Every structure is written in structure tokens, then in C-alpha cells.
Amino acid sequence: MDRHSADDLIRAALRRDDPAACELLWDRYAGDLLAFLQAVRCSKHDAEDVLQTIFVKIVRKRHHLAAARCLDAYVYQIARNEATSFLRQHRRKRSLDWDPKRGVSCLGTQSDAQPWLVAAEPADRSQEVAEALQAALTRLPPVQREIVVLKTYKDKTFREIAEMLELSLNTVASRYRYGLEKLRALLKDLEL
Amino acid sequence: MKEAEKRYDEIEQCLRKVRLAEPPGELKRRILGAAQETWKQAPAEVPWQIPLRHLGLSAAAAVLIVSSANYFSTASVAPWQADRPVAVRVEAAGFEDMPETPYSPFVRHLIATCGSPARDASALLDYVQSVRKTLDGAEQDDAADGSGPSEHESRLLPVGSKIDSYV
């Protein structure tokens with residue numbers, strides 16, 4: 001099923017006020033949203049929690065979504081808002097019980113042992129490579145990381161990412177290139 | 001440029017050695033369960049009600065702002081206006097109502113159609129002429145008394161002089 005027919009099905013179900021729309025929304029967005037949230041949060045647990053909040057919010061605003069001009073933009077706007085709000089709450093909580101020994105570049109990175117990247121094919125050092133790549137991606141700024149993840153692992157085009165994140169095409173392309181350059185330097189150290 | 005592209009390809013190939021972990025089935029059940037529960041509980045907002053509600057809120061806010069501005073302006077001006085006399089509107093006298101207009105009906109018509117500047121000039125002329133007549137009367141009275149005002153002679157132009165050309 002292509003993107004437009006999936007969007008039409010979702011809109012029709014939302015207009016009928018049919019709860020089956022939840023399943024359609026899951027099939028259409030869950031994978032992409034989880035990737036996006038994992039890229040932003042660097043944490044599988046947090047991403048899953050935020051994903052649940054996003055779905056609940058989408059259900060509450062289902063008629064706004066049905067009337068939205070672009071489903072993707074609306075859904076990702078909710079996702080960004082929820083991720084930002086979650087991040088803010090987490091920071092506040094972290095600042096209360098701040099541990100100076102834990103130098104983290106991304107919230108939840110060190111404490112969250114669950115990997116969000118897995119080896120594509122089983123090989124000798126596949127687990128090691130996955131961990132190294134996850135560590136390298138974690139060290140990118142979130143604005144670059146989310147674009148690298150969406151482009152590399154969800155095969156999104158620059159145009160699609162620009163629409164999702166409401167950025168210009170040039171911004172997306174340049175952030176992606178900066179991200180790759182940084183990753184190159186990081187991976188060189190890891191000798192991958 | 002090609003070198004940069006080559007570098008990016010290498011990094012992309014390296015990144016593709018791994019993939020994102022798929023959302024587990026348990027997560028799907030949990031999230032869809034929560035979403036459908038919310039669906040049942042939360043009444044859907046009917047789309048046509050949304051602009052109507054916005055309109056109602058905007059109208060209520062506008063009424064509140066205007067009425068409060070009105071109230072506060074009246075309240076702040078009230079003590080200042082309390083001791084002042086009430087202004088009375090007085091209708092301006094029309095030129096046609098003036099008695100003894102020295103012009104013919106045609107000239108009056110012209111003045112009426114030309115507008116206020118012409119009316120002002122002729123009214124001024126009338127006024128000047130009436131003042132002149134008064135002063136002439138006063139001079140004649142002085143002459144009759146025999147004490148002609150050598151130093152206090154009127155410097156006004158005699159009646160019928162070139163002042164008529166100003167009209």
C-alpha cells in the first residue's frame with residue numbers, strides 16, 4: 001500500500017470515528033516514530049513511553065488529524081512536542097539528583113542498557129559493531145542524529161524528512177552531511 | 001565533490017551494518033490498548049463545533065474588552081467633567097436669514113452656490129459697512145457740536161470707496 005492510499009484509509013476511519021484507525025496509524029507511523037524518538041532520546045524505554053503518549057494524544061485530537069492538510073506533518077509535530085516535553089521533564093528530574101560522575105551527552109544513554117540498534121546480519125563482530133555505531137550516533141547532536149537515522153535506517157528522502165521536521169531541504173541536507181562527517185571522525189577512532 | 005560523495009557512501013555502508021530494532025509485539029498491544037481505551041473515554045470533538053467555539057470565544061473576549069474600556073474611560077473622565085458647564089449646541093445663522101442683505105437675488109444665489117468663503121467675505125463687508133456708518137454718524141455728531149476732531153479724525157475710507165472691489 002502506498003503512502004497516499006494509507007493516508008486516505010486513515011482519514012476515512014478517523015471521520016467514521018472508527019477505533020480501527022489506531023491499528024492503521026500504528027502500521028503507518030509506529031516504526032518511523034520509534035526510530036525518530038530513539039534517535040532523539042537515545043533510549044529505547046523512553047522512546048516507547050513517548051510513543052504511547054503520542055498515540056494517546058493523536059486519539060484525543062483525531063478530528064484535527066482527519067482535517068489536517070498533511071498527516072505526516074501533524075503527527076511529527078505532536079511527536080516533537082511530546083519528545084521535547086519529555087526531555088524537559090527528564091532534565092528537571094536529572095538536575096535534582098545530578099550525579100557529576102556520569103558524563104552523558106544524551107539523556108538516558110548510559111543508564112539505558114537496551115540497544116536500539118541491532119546487527120543487520122549475524123557476523124563475528126556484529127554485536128560489537130552495533131554497540132560501537134550506537135555509541136557514535138549517540139555522540140552526534142540530536143538535530144543531526146535524527147536526520148541521519150531517518151535517512152539511513154528508514155530510507156526517507158531529504159524531501160520527506162524536510163516535510164516531517166518542517167525544515168528546509170538545504171538544512172536537512174547540510175545537517176546530514178555534517179552528521180556524516182562527524183560520524184566519520186568518530187568511527188575512525190573505533191576502526192570500523 | 002566526488003571524494004566527499006565517496007566518503008559519505010563509505011559511512012553509509014558502515015551504518016547499514018546495523019538496523020533499528022523493530023517495535024516489539026508487546027509494545028504494540030500496550031500502546032494500541034491505551035489508545036483504544038482513550039478513544040472510548042474521550043468524546044471526539046465534532047469538527048464544525050471547533051470554529052464555532054473559537055468564534056464564540058473571540059466575540060465574548062471582544063465584548064469584554066470593549067465594555068471594560070468603555071467603563072474605565074467613563075469612570076476616569078467622570079470626576080474631571082463634574083464641575084464643567086454643559087456645552088450647548090447653537091445653530092449657526094444662515095446667510096439667507098440675515099436682514100437687509102444688500103445683494104440682488106442673483107448675487108445671493110451665486111454666494112450660496114460658491115460656498116462659505118464668499119459668504120464670509122460678504123458678511124465681513126456688511127460688518128465693515130455697518131461699523132463705518134456708525135463711525136460716520138459719530139463724526140457728524142462731533143461736527144454738529146463744532147469741535148471737529150483734528151487729531152482724532154477717522155482714518156476709515158469714505159463710503160463708496162474702493163473697498164467694494166474686495167468682494
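Helices here are DSSP runs of H or I with at least four residues, strands are runs of E with at least two, and both are numbered from the N terminus. A:Glu166 is not a glycine, yet its phi is positive, about 55°. Most residues other than glycine have a negative phi. A:Glu166 counts as exposed because it has 11 C-beta neighbours inside 10 Å. The cut-offs are these: buried needs 20 or more other C-beta atoms within 10 Å of the residue's own, exposed means 12 or fewer, partly exposed is in between, and C-beta atoms are placed from the backbone.

Some conventions before I go on. This is a predicted model, in which local features need pLDDT of at least 70 and side-chain atom pairs count only at pLDDT 80 or more, while totals for chains, interfaces and linings use all residues. Residues are numbered from 1 along each chain as its sequence is written, and chains are lettered from A, with ligands numbered from 1, in the order in which they are written.

A second case is A:Asp17, also not a glycine, with a positive phi of about 60°. A:Asp17 sits in the loop between α1 (3-15) and α2 of chain A. With 14 C-beta neighbours inside 10 Å, A:Asp17 counts as partly exposed. A:Asp155, which follows α7(A), has a positive phi too, near 50°.

Now α7 itself, residues 142-153 of chain A. Its 12 residues should span 16 Å at 1.5 Å a residue, and the end C-alpha atoms are 16 Å apart, so the two agree. The expected span is 1.5 Å times one less than the number of residues. Of those 12 residues, 10 are buried.

Chain A has 9 helices and 1 strand, in the order α-α-α-α-α-β-α-α-α-α. Chain B has 5 helices and 1 strand, in the order α-β-α-α-α-α. Burial covers 36% of the 192 residues of chain A and 4% of the 167 residues of chain B.

Next, the core. A nonpolar core is a set of buried Ala, Val, Leu, Ile, Met, Phe, Trp, Tyr and Cys residues joined through C-beta atoms within 7 Å. The largest one has 52 residues, and those touching the most other members are A:Leu33, A:Phe36, A:Leu37, A:Leu51, A:Ala79 and A:Leu133. Helix α2 (residues 21-41) of chain A supplies the largest share, 11 residues. Beyond its neighbours within four places in sequence, A:Ala79 is in contact with A:Leu33, A:Phe36, A:Leu37 and A:Ile54; contact means C-beta atoms, placed from the backbone, within 7 Å.

Last, where the chains meet. The contact takes 37 residues from chain A and 27 from chain B. On the chain B side, α2(B) gives the most, with 10 residues. That side divides into 17 nonpolar, 2 polar and 8 charged residues. Nonpolar means Ala, Val, Leu, Ile, Met, Phe, Trp, Tyr, Cys and Pro, charged means Asp, Glu, Lys and Arg, and the others, Gly among them, are polar. Strand β1 (residues 117-119) of chain A pairs with β1(B) in the antiparallel sense over 3 bridges, where pairing requires at least two DSSP bridges. In that pairing, A:Leu117 stands opposite B:Leu20.

Note on methods. Two residues are in contact if their C-beta atoms, placed from the backbone, lie within 7 Å.
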